[in-house]
Amino acid sequence: MSALLALRGVTVAFGGLVAVDDVSFDVEEGSITGLIGPNGAGKSTVFNAVNGVYRPRAGSILFDGRDIVGMPSQRIARLGIARAHQVVRPLTDLTVLDNVTVGACFGRDGLGLAAGRRRAAGVLEQLGLADRASQPAGSLNVAQKKRLELARAVAAGPRLLLADEVLAGLNPHEVDEMLGVFASIRDAGVTILMIEHLMQAVMHLSDQVVVLDYGRLIAVGTPAEVQADPAVVEAYLGDPRAAERLMADEP
Amino acid sequence: MRGMRIMAAAAAAVLVVAACGSGTSSGPKTLKIGFTASQTGAQELTSKRQVEGIKLWADQVTKAGGIKLKDGTVLTPQLVSYDDESKTDRVQALYTKLINDDKVDFLLSPYSSGLIKAAAVVGEQNGKIMVTAGGADDATMEQGFTSIYQVYTPASQYLTGAIDLMLAMDPSIKKIAIVNEKDAFSTGVAAAAKPYAASKGLQIVVDEGYDTGTTDFGPIVNKIAAAAPDAILGGGHFQDGQTFAKAIFDKQVKAKFIALLVAPPEPTFGDIGAAANDIVGPSQWEASVAYDAKAAVAANISWYGPAVADFTAAYNAAFGSAPSYHSAGGYAAGLVLQKAIEDAGSIDPAAVRAALDKQDLLTLFGRIRFSTDAKTHGKQTAHQMVYVQWQAAADGSLSTKVVWPEAGRTAPIVPRQ
Amino acid sequence: MLRLRGRSRPFLPVLLLIVAVVAAVPLVTGNPSMREELFFMLLLVTLATSVNVITGYTGYVSFGHIVFFGLGGYGAFWLMQALGVHFLVAAVLGVIPAVLVAAVVGAAVLRLRGAYFALATLGILEATKAFMTNFDPAGGAVGLSFNFSIYAQYGGAKSAAELAYVFMALVALAAIAASYLVRHAKFGLALMTIREDQDAAVVLGIDPARTKVAAFVISAVFPALAGAAFFFKNGIIEPGSAFDLTRSIESLVMVVLGGVGTVAGPVIGAAVYEWLRGFLITSPALASFQLTIAGVLLLVVVLFATSGLVGVLRARFPAVREWLE
Amino acid sequence: MNLGALLPSAIDGLLLGFVYGLAAMGLTLIFGVTRVVNLAHGQMIAMGMFVVLAVASGAGLNPYVGVLLAAVVGLAAGVVIYVVAVDRVINAPELTTLLATFAVNLIIIGTATTLLTTSPRAVDVDMGALRSGGVTVLGTHLVAVVIAVAAAGALYAFLFRTRLGKSIRAVAADRAAAELMGINSRRMLALAFGLGTALAMTAGALLATLFSFNVLSGGTYETKSFVIVVLGGLGNPTGALIGGLIIGLLEGVTAVVIPVSWVPVIEYAVFVLILLVRPRGLLGSRQ
């Protein structure tokens, strides 16, 4: 296994505020990596740096060995990095099917419209949204919109999926379903980098966990290593509920 | 917005003035005459005068029992008209409608050169004869038309005559300002005036154009004031001309001679009071210039239609105000058409066209003869301009006096105070 | 497997057939007055359908779209008048200035969003109009007019008018077909993604700048062709009628009336709008209040039927739904 | 080119700029608070002119009574327009609100054209003139400036000194947050529309004392207002007033150097350029 994504000394700053500070880690191809940390740790900023929304002040981001810093987002997307946003952004006036077709048509594979539609239909089946295909996306409920967000990213046929708190706001049953979905996505060969607050889910799914605190990387390792790391526990002490979640075996 | 009504064809309130034509048989036949009027928009006021002139003609013909042809046919004029809102697109749509839906026999023109240009294209496309009542543009008449006939003296002569008048009044005048509205008519007038002024040794110190609808003449008047010309020539149509005159007055611009197009001959120009004083305007017609049958005999041409005084009286009775040259122009267009139909003895277009080509008349509007040269076919060649000046009486009341030509003069021209 | 939407009914051929049949009526009956009315209706269909590509599909409200109509008109007119180029050639060449302006200006102003873009297009229209009013080589405020003999090479003014009409009808049909194809292509999906959420579109792999400019250029081509036909028929062109802001806004009104972002909407909207205006103007009781009535109707549509006539029809008559896009 | 015209022309332009600025303030206030570009703005300016006409020529009163009346009528008319045409679509995309106000524009133009005709009108006001060294400043222009400044001042006092004014500003800054603070945002939006329209009609009323006009005269001043508003930054009333002065001065000065008919070309070119380079206006915040 080689690193599909490698961050090397990535620093992102807004004016004087350093949101991500000299962060380096690798994401192995075919793995699931969990990116965790207390609120404001800079997790979403890392995602924004990876898919070109923010340009790092320093450092390089290697995707499949190629530095993608400074590339426009749309090119990064076509290289095969797809993102499911924390705040869902469905294209409300388009149908669910069209939403997912957008992913398929403009992502890495750049499918034609007909092929894109076919793939989108398949992804909707996989994510259990097939019966909603012809509805406007705006009419879905929150859980369905989360799935739609994920479906759109998956349909792009990415090599790397950036999943930003896709499980937040779902009930336990829905979370269980989604875990299955993640596993199947990974099994299909997609590398996953996920931000997640549900620790039990992260620890259960991830091959590797990366922990940020105040923009700095404080730990990288297997779930077990990270859970045992005193620095991580320390970091989460500032946020007792998070610490509790970190340690809990069950939600 | 006016544009909402552009085009749309369709029949706005049609003014059917004359009696409805009775059927087909031996009785009087209906002579359908179509035109558009600007009931709204920039040309509203002057267009209304022109339409009143046309209406008066149609009424009088109807009262007199119609147009009687040699073969015994009697034609009763019926006017069909729509509101063109002073817009060229609309004019084209409405003339197409007049020709094809209303099946008019002849066309009269809308008011103002820009609109006539648009109407003429449609008339010509359909081979309809159109007598233009209210347009003086030269260029329109040099476009190779075969069925368009111009009653007005062409625009190129509006200010050239004024320049002659000005130099007759005061040969020491050297510096002049030419400021005109940027429309077909006024641009044509200015284009002819500039080389003529130069040929007379005049120096054009201000040469400006302004957009139709301009109300703020401040910048232009400031420029004029700074250049201090002896005379100001130009203007465009009624509203802008009146506003321009007022701005010149407010800023106390000294000029010995000011001649503006279209606005001064219109009686309501005097509403601006002292600002109107001493302003000169070229006019196509004034009531005091009494063309009559005797003059026709002297010129060895035929006289046609009512006397000037009768026309003025009838107009006053019908509309409660004195006719302006636009009114007389409308009336004259009707006369010209009537005479041509009588001469042709039918309404066959070719015959009427031939009659118009041959026409050389003296009417209450003055002498009328059309060019038969292929390049300028239909252009007016005989009609003469009249010049008026607003003058204050001893009691301070203002009125227009005819200052040119000599024949109809009611007062000598005076330099502006 | 779920059924994929679209292509289920021969919508485009039916729509084109209806428009073509209506357009053919005056040619068959030889009624010039009807031909004039339909010429104008087809022109409005073209303008509305075109502006719908940038405004309806892409979400950019273009107030100044009529500028392309004027540029196409002036370009072709000048070629015909000054160089004696045949109408058909001039019309096609007249598209060039419109396309160039759309590409260059589009690249600059399409960076603006919302009201800023709308105001910029308004500014471009007014600037162009003011410029042409002063630009003497193009006749300035007076504009250009043909010597009547120019129509001789087309077999006289009458057959020239017929040629212009047939051309106009073909342009309208082409505009509708283009609108449909854009709507049902990957390109159209990109446009609608940009309309819904431009930032999301970027992350999904769409290049908004290039996509928007392409849409702007497409939406400029048909008005330019229509302008060539319109002014060729009229024989005169002047800045006031070539760059009329009101007509520009009217084409947006038609789009909204018919249904924003649909293929049939602008066609239905333009037809109904023009028919309604004809009706109001002919009715003696309503004629003088026609603008007021038009305003009230527009307000009712904007406030209560946001999806336009197409939306109303689709909601009311499920049978119609699959036939209207 | 004659530089002797420079001073008088610049003065004229500057004075006129106050009135332009006042009209633009109305447009920008409405946009700033409601996010609606009001396409009925020009027509309301024209209506202000007719209020003066009715007062001066109809009732035979002092035309400046008409200016005051125009402000009152404008306030009421603006509130009515908001309630009838805008409130329902206040959160809809731009196209919807643009066309809603355009519909209002059509309704007013249609009715006014029918009832008032498009005949040229003028209100004859003579306030004398100041003359010195070849510069003539008409009294009507000076009075217009005084009234425009007073109206702008009154607006500022209202927005910054009164509770109601502060509520309007809160709604402009963040509608949702203002609602959380217990402000009835709909009422503030309506009031802002009323104030903006009052400014438009006041400006129109002042213009009626300077120039001739007709029912359709609003269009020119509306496009001028757009230019000014963009120059000063959309939604920024101070910017609008200063923008008005800049445009007035620009018109006055450029007219001396180039043919007057080229002035609009410069004006619109500047407008588009500013939108491209600094869309928030020369004075606007960069957000």
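Across the interface of chain C and chain B, 1 salt bridge is found, a salt bridge being a side-chain nitrogen of Lys or Arg within 4 Å of a carboxyl oxygen of Asp or Glu. The side chains of C:Asp244 and B:Lys87 form this link, at 3.4 Å from N to O. The model is predicted, so local features need pLDDT of at least 70 and side-chain atom pairs count only at pLDDT 80 or more, whereas totals for chains, interfaces and linings use all residues. Residues are numbered from 1 along each chain as its sequence is written, chains are lettered from A and ligands numbered from 1 in the order in which they are written, and side-chain values use heavy atoms, with hydrogens and water left out.

The interface of chain C and chain B also holds 8 residue pairs in polar contact, both residues at pLDDT 80 or more. A polar contact is a pair of N or O atoms within 3.5 Å; within protein, one must be able to donate a hydrogen and the other to accept it, and residues adjacent in sequence count only if both atoms are side-chain atoms. Several helices of chain C give two or more residues to the side that touches chain B, among them helix 2 (32-57), helix 5 (114-134) and helix 12 (264-282); helices (H or I, at least four residues) and strands (E, at least two) are DSSP runs, numbered from the N terminus. Helix 12 of chain C gives the most, with 6 residues. By class, this side of chain C has 15 nonpolar, 15 polar and 10 charged residues. Here Ala, Val, Leu, Ile, Met, Phe, Trp, Tyr, Cys and Pro count as nonpolar, Asp, Glu, Lys and Arg as charged, and the others, Gly among them, as polar. In total, 40 residues of chain C are in contact with 35 residues of chain B, contact meaning heavy atoms within 4.5 Å. The two chains bury about 3100 Å² between them, 57% of it on carbon and sulfur atoms; buried area is the accessible area (1.4 Å probe) that two parts lose on being put together, summed over both.

Turning to chain D and chain C, the contact takes 38 residues from chain D and 37 residues from chain C. About 3500 Å² is buried between them, and carbon and sulfur atoms give 82% of that area. On the chain D side, D:Leu95, D:Leu99 and D:Leu276 lose the most area to chain C, together 17% of what that side buries. Helix 4 of chain D gives the most, with 15 residues. The class counts for this side of chain D are 29 nonpolar, 6 polar and 3 charged residues.

Chain A has an open sheet of 4 strands in the order 2-1-4-5, with antiparallel pairing; two strands pair if DSSP finds at least two bridges between them. Strand 2 (17-28) and strand 5 (66-67) of chain A stand at the edges, each with a single partner strand, so one side of each has no neighbour in the sheet.
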